[in-house]
Amino acid sequence: MSTSLVVKNTFICALDAEALSPVRGVCRRRSSSDSLGSTTCGSFGQSDDDSWEGTTASGDDGAGASAFAEELEAGGAGAAAACAALAFDPLGSCWLLRAMELGGVGAAKVVSTAMAGGVCKAARSAHACAVLESLICMLSTDEVSFIASEMCAAAMQIATHVHGHAVVCRLLEYSGGAAPTLALADAVLAEDAAVLCCHKFGHHVAMSLLSNGLTRHRRAIVTALFGRLPRFARHRFASSVVVQALSQCADEEGGVLAAQLVATPVEIVGLAVHNFGV
């Protein structure tokens, strides 16, 4: 009787004439993409009843988006009606963005018309917010003014939202001088600028206001920071706003902040050894 050595479950075992266990194949955890089959971003196709709502997956990613873009440019009622629903869908929003890229300004105008009236909801959506951002980048200031106007009703809530804050920042970057955007900025700062500066997402809006806002917006943020500047300079999020204020504000306002930060040697050392104050 011969004895052989085999490895079983990381243990070395001495066996007699025993049949070896079959080699186990590599197991892979089922991913979420497996359940989607062949569906990919942009893989929607038009259904048999000429309606673009409830579209199904197809094999060609570009063809469906291209056809949809052409119908948007032509003013197709079916495509326009489906825009709002597609914007909130994970795959549909990606496909809609692709159609806007292919169709250009003409397609974007149709999408903007479909999104009007539901901006506040779209700004809070993980998928529709990207559609709003794309519209702001593609269309003129007047054509996207409705976005800022509608968001004024929930300015602070959207400015501190995980998705909505990016839409506000994009408006400030591309349409910072437009009256509706200025009204939105005023509405955001009217509540509590200090809370905005310390918020995980809102501080991005505060930084954008310092870069793209008017003098009154920068002054409102500086005033909020000046009240508790040593604390804000050490804050995880507000410290970034302080740095932005020092670099973007006028010499008079920035000088006041800098003077308070370095008022005493103890304060300088405290900032230098702090995780965010440094």
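Leaving out residues up to four places away in sequence, Val144 touches Leu135, Ile136, Leu139, Leu171 and Ser175. Keep in mind as you look around that this is a predicted model. So where does Val144 sit? You'll find Val144 in the loop between α6 (128–138) and α7 (145–151). Is Val144 buried or exposed? Its relative accessibility is 1%, and because buried means under 20%, Val144 counts as buried. Val144 also has Ser112 across from it: the two are 32 residues apart along the chain, but their C-alpha atoms are separated by 7.5 Å.

Now step back and take in the whole chain. Its secondary structure comes to 17 helices and four strands. The protein chain has 278 residues, and 42% of them are buried. If you take the contacts between residues at least 6 apart in sequence, 62% of them join residues at least 24 apart.

Next, head for the inside. In soluble globular proteins, nonpolar side chains tend to be buried together. Here the largest nonpolar core has 66 residues, and the ones touching the most other members are Leu132, Leu135, Ile147, Met151, Leu196, Ile221 and Leu225. Which helix gives this core its largest share? That would be helix α4 (residues 90–115), with seven residues. The core also draws at least three residues from each of domain 1 (62–167) and domain 2 (192–277). Leu135, one of the residues that touch the most other core members, is also a contact of Val144, where we began. Ile221 is worth a look too: setting aside neighbours within four places in sequence, Ile221 is in contact with Leu189, Cys197, Ala206, Leu209, Leu210 and Val241.

What about the cysteines? A disulfide is a covalent bond between the sulfur atoms of two cysteines. How many disulfides does the structure hold? The count is zero. Cys83 has 0% relative accessibility, so it counts as buried. Cys129, at 7%, counts as buried as well.

Let's finish on helix α16 (residues 251–261), where Glu253, Gly254, Leu257 and Leu261 are buried. These four cover an arc of only 95° around the axis, which puts them on the same side of α16. An α-helix has 3.6 residues a turn, so residues three or four places apart point the same way. Turn to the other side of α16 and you'll see Asp251 and Glu252, which are exposed.

Technical notes. Residues are numbered from 1 along each chain as its sequence is written. This is a predicted model: local features need pLDDT of at least 70, side-chain atom pairs count only at pLDDT 80 or more; totals for chains, interfaces and linings use all residues. Side-chain values use heavy atoms; hydrogens and water are left out. Helices (H or I, at least four residues) and strands (E, at least two) are DSSP runs, numbered from the N terminus. Buried means under 20% relative accessible area, exposed over 50%, partly exposed in between (1.4 Å probe, protein chains only). Contact means heavy atoms within 4.5 Å. A disulfide is a pair of cysteine sulfur atoms within 2.5 Å. A nonpolar core is a set of buried Ala, Val, Leu, Ile, Met, Phe, Trp, Tyr and Cys residues joined through side-chain atoms within 4.5 Å. Domain bounds come from an automatic or database domain assignment. The arc is that of the directions from the helix axis to the C-beta atoms.
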